[in-house]
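Me: Please pick out one part of this structure and take me through it closely. Keep it brisk, and give the cut-offs as you go.

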Amino acid sequence: GPEEKIIMTERSAAVFIQAWWRGTLVRRTLLHAALRTWIIQCWWRQVLEKLLAKRRRMVLEFYVQQEWAAVRLQSWVRMWCVHQRYCRLLNAVRIIQVYWRWHTCHSRGFIEGHYELKENQLDIQLEISLGSQACKVQQCIPLPLKE
């Protein structure tokens, strides 16, 4: 009778305390596991963020490199076009100059000459042409020597 109830009560109390303690241990173990999982997840998110930032930086550097290449290429093409236009204009200027000089020579005349500077004299050869008339002049001019 009464002793069994006390034993059962003590036994049920012991079972209750053991169940409570096991529950506490399980909850503590689960809490530690959850904290460790959370720490690993935070670390993994940081790793992924670093990888994503590195990938973004590489994509941005590649984009910048492509943009600079395009800008350089456009610059070269513009330079080539300007150079071509300059060469065409220079050729046109030369043609105009040739025709103008020919016209000037045949209508007004021209002076053509050569000179040679020697040690102490100047050798000059000039040809003056006025239409159909021509005159050639050759002269040696002594130069004063400074002592």
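Reply: A residue is buried under 20% relative accessible area, exposed over 50%, and partly exposed in between (1.4 Å probe, protein chains only). W20 is partly exposed, at a relative accessible area of 49%. This is a predicted model, in which local features need pLDDT of at least 70, side-chain atom pairs count only at pLDDT 80 or more, and totals for chains, interfaces and linings use all residues. Residues are numbered from 1 along each chain as its sequence is written, and side-chain values use heavy atoms, with hydrogens and water left out.

W20 sits in helix α1, residues 2-107. Helices (H or I, at least four residues) and strands (E, at least two) are DSSP runs, numbered from the N terminus. W20 also belongs to a nonpolar surface patch of about 570 Å², together with F16, I17, W21 and L25. Patch residues have over 30% relative accessible area and no salt bridge; like charges are joined within 9 Å, nonpolar side chains (Val, Leu, Ile, Met, Phe, Trp, Tyr) within 5 Å. A salt bridge is a side-chain nitrogen of Lys or Arg within 4 Å of a carboxyl oxygen of Asp or Glu. Accessible areas come from the Shrake-Rupley method with a 1.4 Å probe; for residues, only the protein chains shown count as cover.

Now the rings. Phe, Tyr and Trp rings (for Trp, the six-membered one) pair if their centres lie within 6.5 Å; planes under 30 degrees apart are stacked, over 60 edge-to-face, and the rest tilted. That rule gives two aromatic pairs. W20 and W21 have ring centres 6.1 Å apart and planes at 45 degrees, so this pair is tilted. W21 is partly exposed too, at 42% relative accessibility. The rings of W43 and W44 lie with centres 6.0 Å apart and planes at 45 degrees, so that pair is tilted. W44 is partly exposed, at 44% relative accessibility.

What of the strands? An open sheet of three strands runs in the order β1-β2-β3, with antiparallel pairing. β1 (110-117) and β3 (133-142) are the edge strands; each has a single partner, so one side of each lacks a neighbour in the sheet. Two strands pair if DSSP finds at least two bridges between them. β1 and β2 share eight bridges, and a hairpin of three residues joins them. β2 (residues 121-130) pairs with β3 over 10 bridges. Q125 is the bridge partner of H114 and stands opposite Q138 in β3. None of the eight residues of β1 is buried, so β1 lies largely in the open.
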